[in-house]
Amino acid sequence: MTWQPSPTGRTEVTWTLHYRRTFDPGWYFGPIQTYGMEQAAAYLSDTFSHPTAPATAPSAAPAGTSTR
């Protein structure tokens with residue numbers, strides 16, 4: 001994985017996923033494992049591409065609740 005600053009002030013992330021099929025027969029398990037890797041890559045992409053909300057100070061407890 002590489003992280004590089006971009007001219008716009010953002011960060012560009014590049015990664016490569018490798019996997020080795022570990023189940024045989026390949027004609028049966030290959031597509032299933034490929035699908036799993038595609039889903040994992042999509043999850044990583046979504047995780048890193050959506051900005052997170054800025055951290056804020058904890059707000060006061062609503063009226064009628066205890067903070068203990």
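In this predicted model, Tyr28 is partly exposed at a relative accessibility of 44%, where buried means under 20% relative accessible area, exposed means over 50% and partly exposed covers the range in between, with a 1.4 Å probe and protein chains only. The rings of Tyr28 and Phe29 form an edge-to-face pair, because their centres are 4.9 Å apart and their planes stand at 90°. Rings of Phe, Tyr and Trp (the six-membered ring of Trp) are taken to pair if their centres lie within 6.5 Å, and planes under 30 degrees apart count as stacked, those over 60 as edge-to-face and the rest as tilted. Phe29 is likewise partly exposed, with a relative accessible area of 26%, whereas Trp27 is exposed at 70%. By the ring criterion, three aromatic pairs are counted. Among them is the pair of Trp27 and Tyr28, which is edge-to-face because the ring centres are 5.9 Å apart and the planes lie at 75°. Phe23, Trp27, Tyr28 and Phe29 together form one aromatic cluster.

Residues are numbered from 1 along each chain as its sequence is written, and side-chain values use heavy atoms, with hydrogens and water left out. Because the model is predicted, local features need a pLDDT of at least 70 and side-chain atom pairs count only at pLDDT 80 or more, while totals for chains, interfaces and linings use all residues.

The protein chain contains one helix and two strands, and its elements run β-β-α from the N terminus on; helices (H or I, at least four residues) and strands (E, at least two) are DSSP runs, numbered from the N terminus. Strand E1 (residues 2–5) and strand E2 (residues 11–14) run antiparallel and are joined by four bridges, two strands being regarded as paired if DSSP finds at least two bridges between them. Within this pairing, Trp3 stands opposite Val13 in E2, and Gln4 stands opposite Glu12 in E2. The hairpin of E1 and E2 has five residues between the strands, and Gly9 takes a positive phi near 95° in this hairpin.

Met1 is placed in the segment before E1 and is exposed, with a relative accessible area of 58%. Met1 and Thr14 are 13 residues apart in sequence, while their C-alpha atoms are 5.6 Å apart in space.

The loop between E2 and helix H1 (26–49) includes His18, which is exposed at 71% relative accessibility. His18 and Met37 are 19 residues apart in sequence and 8.9 Å apart in space, C-alpha to C-alpha. Pro25 is also found in the loop between E2 and H1, and the peptide bond leading from Asp24 to Pro25 is cis, with omega near 5°.

Side chains of opposite charge can pair when their charged atoms come close. The structure holds one salt bridge, defined as a side-chain nitrogen of Lys or Arg within 4 Å of a carboxyl oxygen of Asp or Glu. This salt bridge links Asp24 with Arg21, and the closest N and O atoms are 2.6 Å apart. Asp24 is exposed, with a relative accessibility of 63%, whereas Arg21 is partly exposed at 36%.

For the protein chain as a whole, buried residues make up 4% of the 68 residues. The average pLDDT of the chain, which expresses the predictor's confidence in each residue from 0 to 100, is 76, and 72% of the residues score at least 70. Confidence is lowest in E2, at a mean of 80, and highest in H1, at 85. Where pLDDT is low, the predicted coordinates should not be read in detail.
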